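Hi everyone, thanks for coming. Let me put the structure up on the screen, and then we'll walk through a few parts of it together.

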Amino acid sequence: MRVMAQMAMVMNLDKCIGCHTCSVTCKQAWTNRAGTEYVWFNNVETRPGLGYPRRYEDQDQWEGGWVRKRNGRLALRAGGRFKKLLSIFSNPKMPSIEDYYEPWTYDYETLVRAPASDTFPVARPKSLLSGENMSIEWSANWDDNLAGSGEHAATDVMLKDIGEKVKLEFEQTFMFYLPRICEHCLNPSCAASCPSGAIYKRSEDGIVLVDQDRCRGWRMCISGCPYKKVYFNHKTGKAEKCTFCYPRIEVGIPTVCSETCVGRLRYIGLMLYDADKVLEAAAVEDDHDLYESQRSVFLDPNDPQVQREAAASGIPLDWVEAAKRSPVWKLINTYKVALPLHPEYRTMPMVWYIPPLSPVVDIIRDTGHDAEDKGNLFAAIEALRIPIGYLANLFTAGDIGPVDAVLRKLAAMRAYMRDINLGDEGDDAIAEAVGMSGTDMYEMFRLLAIAKYDERYVIPTAHAEQAHALEELATDCPVSEYGGGQQDLFGEGSGTPTPVAVENFRMLQDRQTADHMPENPMKGRVNLLNWDGKGRPGGLFPAREEEDRR
Amino acid sequence: MDTFLWVVFPYLCLATFVVGHLWRYRYDKFGWTTRSSQLYENRLLRFGSPLFHFGMLGVVGGHVIGLLIPTAWTDFLGIDDHAYHLVAVIGGLAAGIATVVGMVILIYRRRTVGPVFSATTNMDKVMYAFLGAVIVLGMWNTIAGSILNLGGEYNYREGVSVWYRSFLAFQPQPELMATAPIGFQLHAFVAFVLFALWPFTRLVHVFSAPLGYLTRPYIVYRSRSTDRLGSTPPKRGWDRVG
Ligand code: SF4
Ligand code: SF4
């Protein structure tokens with residue numbers, strides 16, 4: 001047994017309102033630079049829909065992730081090492097900018113500069129790649145809220161087996177949002193595809209990062225990741241990906257997307273797992289077994305033997321303690337309501353999802369029935385094969401069973417809590433119908449519905465004697481802009497990179513736990529990477545109107 | 001003059017090449033990349049880039065054989081001059097044509113595809129000019145010298161190659177170059193300019209050919225480094241205590 005720790009996330013899809021706050025704040029923190037205009041480390045997709053980049057889930061086309069060979073071993077779907085090196089001069093599977101979208105801005109200057117005339121001047125869209133006028137035909141979220149779904153949604157890859165039926169019953173349509181970040185996989189195919197070995201998995205917390213100094217721009221990771229969560233910075237010529245906000249995680253505060261999530265639906269915590277079993281688990285024969293086999297890799301932090309092995313593997317005690325309190329562990333293993341996204345890619349993803357009950361609830365409510373009645377809900381889960389089949393295609397490689405079980409638990413929780421909210425005793429029979437006790441059901445409800453910050457995010461700091469070192473970053477001068485160096489000569493981004501963290505994160509952590517706000521905490525410079533959700537740093541929001549009038 | 005052209009100047013270029021790379025690696029690892037433009041455009045690149053690069057690998061291989069292996073060795077193996085040149089010309093032509101066709105496609109693409117053109121730095125343009133010149137001159141030497149036999153018989157293996165080996169051995173014999181045909185002289189001269197420019201262009205990516213990929217384990221694990229904390233090395237004078 002080789003115990004390793006993994007920082008993991010669970011998202012409760014029922015609570016996502018599709019506001020895109022997470023995407024926008026992530027962009028502000030990480031990808032608001034030239035070359036990353038089209039890069040969304042976090043994006044929120046409307047499902048059914050095409051996703052970003054368009055139809056990324058069609059691995060027949062993109063060949064991302066792993067496949068199980070006949071001899072039972074795993075191989076990269078796009079081919080082994082030799083094939084990778086031979087196609088290095090032109091990666092045949094790399095999405096082009098049209099599969100994402102061509103980034104643009106508007107020519108605002110004409111609005112100000114245009115001479116007086118009878119017609120209003122227009123700010124025309126200009127491509128950020130070529131500077132030419134362009135017509136906008138697609139973007140990161142073109143099919144938001146099923147926009148144009150008559151045209152697009154039917155080509156959703158996940159409708160593959162159920163396509164016919166859906167077209168017939170499109171009036172009974174359903175919809176939910178799927179926020180996505182990098183999965184920080186246990187068996188990352190992006191890292192396996194990188195010829196330079198620049199992508200690595202941190203052995204402390206499992207975060208998958210691209211070493212910007214070692215990346216040589218071979219672009220194999222971009223096609224290697226089945227979730228298409230590595231992007232190519234077209235200005236610096238290097239790959240970039242979601243960092244799980246590691247500078248924040250190191251001091252124990254959640255990622256920017258979690259911090260700012262309006263629905264408070266994200267949970268972050270540690271998972272302990274047996275690194276020796278990962279490959280074996282990722283190579284089980286039947287796609288349908290992948291969900292269970294991945295769960296079997298996780299180790300119970302309450303098990304004394306696991307604790308001994310963890311200590312032997314050098315995992316600090318406070319991390320094991322954090323793993324015990326991990327909300328992610330509870331959702332995945334205790335309540336078993338979280339499911340992995342696309343386990344069939346065999347990368348062992350570590351951002352899991354609680355599938356939404358809302359498509360079912362909505363339909364019951366629309367037909368005028370009681371959407372909190374256990375009987376109605378169970379009957380509907382039984383009857384609504386299309387949403388269920390769709391969710392199964394997303395989360396269990398098409399296996400209806402686990403999705404069905406989760407939805408039943410969520411439905412039972414609704415019914416159980418209705419009784420309590422109406423002042424009655426909870427009916428334990430409801431809980432037992434889905435194999436849980438009344439207390440468990442209530443605890444699960446608490447975690448899903450009203451858990452506070454400290455319960456949703458259980459993040460041990462990077463080991464104490466290392467954490468203080470982050471203070472060193474505060475001595476860096478934030479004025480040296482991104483890149484610096486010899487831009488004209490070698491192209492954008494040459495020179496030594498500016499470190500991602502330019503403020504003092506230790507100070508941030510203190511603020512996080514302080515009772516009231518210090519004056520002018522950020523010296524007027526808003527850096528969302530460091531914003532902890534407290535207070536209103538100047539410049540983040542427009543001035544309040546009343547204040548203005550006074 | 002000959003001494004300058006075929007002794008001083010080549011050594012200057014070689015020194016720039018070596019020191020330049022050391023400097024660039026030391027101070028600009030972040031800028032060390034292929035600067036691929038595949039994201040912008042793929043239809044032309046899909047043909048142009050493999051043609052050019054595989055052609056180029058052939059050309060480089062041919063140069064290594066032609067320049068570094070003395071005639072005596074091939075004689076010893078019993079390969080006569082005629083057979084050698086037949087192989088060299090056919091191989092060289094095939095690789096050369098692939099390179100030139102690929103290069104033409106790539107340069108056409110770079111000029112006509114808007115996003116690719118606007119991502120082209122001045123240094124890129126200079127580099128393209130010299131690289132193109134070297135390739136065209138090299139092709140000319142092959143075609144004019146070996147096939148059309150313009151300007152009489154010239155066996156570079158007794159001239160240019162010997163000079164090149166003497167140059168690498170730091171016992172240069174400039175007279176060998178001075179008597180070579182003008183085509184060879186130009187080709188060598190421009191090539192040395194290109195070597196001097198090399199470390200300052202995107203050509204550095206040649207030295208990152210990721211052969212280690214064939215042997216390393218698929219998944220790389222790394223610890224946060226313990227000798228250095230945070231993402232920047234500490235400033236001088238700020239040593240850690242304890
Ligand atoms: S989801 Fe993240 S860790 Fe997994 S393969 Fe893609 S980029 Fe790599
Ligand atoms: S911020 Fe939260 S609620 Fe809003 S889109 Fe993102 S995940 Fe959904």
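**A short tour of chain A**

Let's start with strand β7(A), where F176(A), L178(A) and R180(A) point one way, Y177(A) and P179(A) point the other way, and all are buried. Buried here means under 20% relative accessible area, with exposed being over 50% and partly exposed in between, using a 1.4 Å probe and protein chains only. The strand spans residues 176-180 and is mostly covered, with 5 of its 5 residues buried.

Before going further, some housekeeping: this is a predicted model, where local features need pLDDT of at least 70, side-chain atom pairs count only at pLDDT 80 or more, and totals for chains, interfaces and linings use all residues. Residues are numbered from 1 along each chain as its sequence is written, chains are lettered from A and ligands numbered from 1 in the order written, and side-chain values use heavy atoms, leaving out hydrogens and water. Helices (H or I, at least four residues) and strands (E, at least two) are DSSP runs numbered from the N terminus.

Which strand joins β7(A)? That is β2(A), residues 43-47, running antiparallel to β7(A) through 5 bridges. In this pair, T46(A) has Y177(A) as its bridge partner. Strands count as paired if DSSP finds at least two bridges between them.

Next, an open sheet of 5 strands, in the order β13-β12-β1-β15-β14 of chain A, with mixed pairing. β13 (298-299) and β14 (339-340) stand at the edges with a single partner strand each, so one side of each has no neighbour in the sheet. β14(A) pairs with β15(A), residues 351-354, in the antiparallel sense over 2 bridges, and P340(A) stands opposite W352(A) there.

Now the helices. The axes of α18(A), residues 400-421, and α20(A), residues 438-450, come within 10 Å and cross at roughly 95 degrees. Axes are lines fitted to C-alpha atoms, for helices over the stretch in contact, and angles run from 0 to 180 degrees between N-to-C directions. The two helices are therefore roughly perpendicular, a label covering 65 to 115 degrees. Their contact (heavy atoms within 4.5 Å) includes M413(A) of α18(A) and F445(A) of α20(A).

Finally, the ligands. Residues around ligand 1 (a heavy atom within 4 Å) include C182(A), C185(A), C190(A) and C225(A). Around ligand 2 there are 14 residues, and C16(A), C19(A), H20(A), C22(A) and C261(A) come nearest.

Key. Parallel < 35°, antiparallel > 145°, perpendicular 65-115°, else oblique.
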